[in-house]
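Look at the sequence and the model before you read on. The notes below take the parts one by one.

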Amino acid sequence: MKRGLLLIDRGSKQREAEEELETIINEIKKRSDYAYADYCFLEVVPPFIDDGIKKALKSDIDSLTIVPYFLYPGRKVKAAVTDAMKFQATTSVKFLVTKPMTMHQRLIDLVDNRVTTTLKKHNITLPKNEVDVLIIGHGSKDPNARLSIDYVVDGLRSKYRNIERCFLEIEEPDIPAGIRSFDEKNPKVLVMVFYFLHEGAHVKTDINLDLLPALEKSNIKQAFQTEHIGTDMIMVDLILERAREVESAPVLKIKS
């Protein structure tokens, strides 16, 4: 059986997002035996989902594993899956849909790795139980999104002196409130994790509009930010693991 894989990303006007997806797809091709692997976008820029599905179906494959490349479940994921699955009735290629990139141990490992790398980069030799961590997420109206980021926070709580999360928009606490909460804790060093898949406008501009003034008003002496998380090779591992979950799932037979 010849298998294909299609990542569905939200979409971004920033060229960096597409470059990062190209890197991920190239790595997936190296690590797997997919006859076809590519990406498309839910919105903002082409190739859109219609383009991505039609292109995949023109390739010589028997099944297509569709991966919603989102850090949180919710409305965007449902929209991506709905748009993709409408093509199932038009083809004999079997569609499989994975879970999004959420609630998985690899995300905990990835954030931990980002903190470790940032500490080394700045020659910080403190043990982790003396380091404070603030995870900065986007924010969502969907309650499951908060559960997803809390899963990562809770998974790392025993490793660090303090670890909390805040949000760029929509949810509370916002970034200034997140910084104030650590100001009161008097950290020796604070590492801020940018919990975003791409180096888009949020990472390059929007976060810092709130973050930098908040840090200037604080008494925190050492604060460092990590890179965003999307291009870490652990994300490739997670994509492939999510794909294996649905590809290896037993087929349920309905008794007549």
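## Ground rules

Contact means that heavy atoms lie within 4.5 Å. Helices (H or I, at least four residues) and strands (E, at least two) are DSSP runs, numbered from the N terminus. Buried means under 20% relative accessible area, exposed means over 50%, and partly exposed is in between (1.4 Å probe, protein chains only).

This is a predicted model: local features need pLDDT of at least 70, side-chain atom pairs count only at pLDDT 80 or more, and totals for chains, interfaces and linings use all residues. Residues are numbered from 1 along each chain as its sequence is written, and side-chain values use heavy atoms, with hydrogens and water left out.

## Helix α3

Which residues of helix α3 are buried? In this helix, residues 75–85, they are V77, A80 and A84. They sit on the same side of α3, because they cover an arc of only 65 degrees around the axis. The arc is that of the directions from the helix axis to the C-beta atoms.

The buried residues of α3 pack against β1 (3–9), α2 (49–57), β3 (63–68) and β4 (94–97). Now turn to the face of α3 that points away from the buried side. The exposed residues R75, K78 and T82 are found there.

## Helix α6

Helix α6 spans residues 175–183, and its buried residues are I175, G178, I179 and F182. Their arc around the axis is only 95 degrees, so they lie on the same side of α6. Their cover includes β5 (132–137), β6 (162–167), β7 (190–194) and α7 (201–217).

What caps the N-terminal end of α6? D174 does: a side-chain oxygen lies 3.0 Å from the backbone nitrogen of A177. The charged end of K185 sits over the ring of F182, 5.1 Å from its centre. A charge sits over a ring if NZ of Lys or CZ of Arg is within 6 Å of the ring centre and within 35 degrees of the ring normal.

β7 is mostly covered, with five of its five residues buried. L190, M192 and F194 point one way, while V191 and V193 point the other way. In a regular strand the side chains alternate between the two faces of the sheet.

Two strands pair if DSSP finds at least two bridges between them. β5 and β7 pair in the parallel sense over five bridges. One of the links is between D132 and its bridge partner in β7, L190. β7 also runs parallel to strand β8 (residues 223–225), and three bridges join them. There, M192 has Q225 as its bridge partner in β8.

## Rings

Rings of Phe, Tyr and Trp (its six-membered ring) pair if their centres lie within 6.5 Å; planes under 30 degrees apart count as stacked, over 60 as edge-to-face and the rest as tilted. By this rule the count comes to two aromatic pairs. One of them joins Y39 and F41, edge-to-face, at 5.6 Å centre to centre and 65 degrees between the planes. Y39 is buried at 8% relative accessible area. F41 is buried as well, at 1% relative accessibility.

R3 lies over the face of another ring, that of Y34, at 4.3 Å from the ring centre.

## A buried threonine

T102 lies in the loop between β4 and α4 (105–121). Is T102 buried or exposed? It is buried, because its relative accessible area is 8%. T102 touches L71, P73, L107, S148 and R242, not counting residues up to four places away in sequence.

The side chains of T102 and S148 are joined by a polar contact of 2.6 Å. A polar contact is a pair of N or O atoms within 3.5 Å; within protein, one must be able to donate a hydrogen and the other to accept it, and residues adjacent in sequence count only if both atoms are side-chain atoms.

Most residues other than glycine have a negative phi, and most peptide bonds are trans. Where are the exceptions listed here? V44 has a positive phi of about 80 degrees although it is not a glycine. V44 lies in the loop between β2 and α2 and is partly exposed, at 38% relative accessibility. N123 also has a positive phi, about 55 degrees. This residue is in the loop between α4 and β5, and N123 is exposed at 64%.

Two peptide bonds to proline are cis. One joins P46 and P47, with omega about 0 degrees. P47 is in the loop between β2 (36–41) and α2. The other runs from E172 to P173, with omega near 0 degrees. P173 is in the loop between β6 and α6.
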